[in-house]
Amino acid sequence: MIRPSLNRRLVLRLVAGIVLVWCAAGGWLAWRSLHEVDEIFDQMLVRTAASVFAVMPDTAAGVGAVRLPDKKLVGSDATAQRPAIVLRDARGERLVESAELPVLRFDPGDAHFHSISHDGRRWRVFQRWDARHQYWIQVGAPLDERDELMRKLLAPALLALLALLVLVPPTVFAGLRSGLKPLRRLTRSLSAGASPMAASLTDERVPVELAPFTEAIDRLVDRLRLSLEHERRFTADAAHELRHPLAALRLELDLAGRGDDAAVRALHLQRSQEALDRMQRLVAQLLLLARVEKLAELDDAGPLRLASVAEAALRDASERAAGRSIELSLDHDGNDFVLGSRSLLGILVQNLLDNALRHAPDHGEVNVRVGGHDERVTLEVNDNGAGFAADDTARLGERFHRPEGSVGEGSGLGLSIAQAIAHLHHGELAFGRSALGGARVSFSLPRAATAVDPHVPGYV
């Protein structure tokens, strides 16, 4: 299979356009030349008639009939345009006639041109009266002489156009090949570089027409570079986070195997189970984060009420909250219709509640508030714990980042997962100080039209 060639395509299209322009120019030139030659030819006949009238006497009396000889008899050029003349008086009697023209009909009408055929030739004839209507003249010339004049005028011009047509394709090809050198240089730059992400393609040598293309490639490379750096950092952080529970698990299992006391072995085995559970949670969160970040759009998005998602998350967290006597509450104004994935939004709210429960003190309080404002719906999770440090807010949501003073065995992925889910829903997370004295995490996303049918499955 032959690959399409941009150079060949441009050459063919340009040559085709040039040929069309050449044909149009040649046609226009031929038409214009024919028009000009016709005018010159007709003016010659008109001037000949005027010259004859100028030498004729005032009266036709006494003027005898004269027959003009064939022009070859006077040694003239065979192509010389000497008109044939027929002159009559007012009665129609011939005073001058030509040996080349046939006997022309006396038609004493207004001045005009007409064409006749005689002896295998076409003639152009002009006739008119003189000013005093004493003489009537017909002046004729063969049209083949006009055609010969046309050939003499057109041949050099058409030859020049033909030479131009022959020279244009190689000239266009050479010009395009030279003009496409920047593309070949870019190709060599991309092929020869050991690391194509090391340098920018856009520099002062790139033509204006190619600059948007190279800038787009540079932006794509920048995104790829950031993505690779992100993945490398994620892999390194994941390996670092997994190293601790693995080391703890191995240590506890070694101690359990060496211990003789059943109670000591049971303690080490319990700690091993805790390390294994922690590692399992970490792996599950890593897989969930990878799955969420890989999504480009939501396949299961549908109409729902954000308050119903919060209610389900609060029911799941109620047992943990009751074990520490933490009061859970939900406030909503009913203006909470959104389009989203119920499962992903449930994970987001659960992660926010987990963080709030982890940092709230025993006998504390966690409040969830859902409400609509303008064209957005906001879900807030408030607690009365220690809250976020002012200088730590900017890093919240980063992978494996745990704010200063964090409690519990969190891995620092909960807010990262919530951040990724928020972006999928065209929403955003915000962090601040709660009215309860602790942390406030708010999640806002576009509100769905209230005209959505509430009987749609899942719209609860």
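This dialogue walks through a few features of a predicted model.

Colleague: What should I know before reading it?

Modeller: The model is predicted, so local features need pLDDT of at least 70, side-chain atom pairs count only at pLDDT 80 or more, and totals for chains, interfaces and linings use all residues. Residues are numbered from 1 along each chain as its sequence is written, and side-chain values use heavy atoms, with hydrogens and water left out.

Colleague: How is a pair of aromatic rings described?

Modeller: By the distance of the centres and the angle of the planes. Rings of Phe, Tyr and Trp (its six-membered ring) pair if their centres lie within 6.5 Å; planes under 30 degrees apart count as stacked, over 60 as edge-to-face and the rest as tilted. The structure holds one aromatic pair. F113 and F126 form it, tilted, at 4.7 Å centre to centre with 40° between the planes.

Colleague: Where do F113 and F126 sit?

Modeller: F113 is in strand β4 (residues 112–118) and F126 in strand β5 (residues 121–129), 13 residues apart. Strands (E, at least two residues) and helices (H or I, at least four) are DSSP runs, numbered from the N terminus.

Colleague: Is F126 buried or exposed?

Modeller: Buried means under 20% relative accessible area, exposed over 50%, partly exposed in between (1.4 Å probe, protein chains only). F126 is buried, at 6% relative accessibility. F113 is partly exposed, at 29%.

Colleague: Why is helix α8 called largely enclosed?

Modeller: Because 10 of the 11 residues of α8 (residues 414–424) are buried. Among them are L415, I417 and L424. Just after α8, H426 takes a positive phi of about 60°.

Colleague: Which helix holds L159?

Modeller: Helix α2 (residues 143–179). L159 is exposed, with a relative accessible area of 57%.
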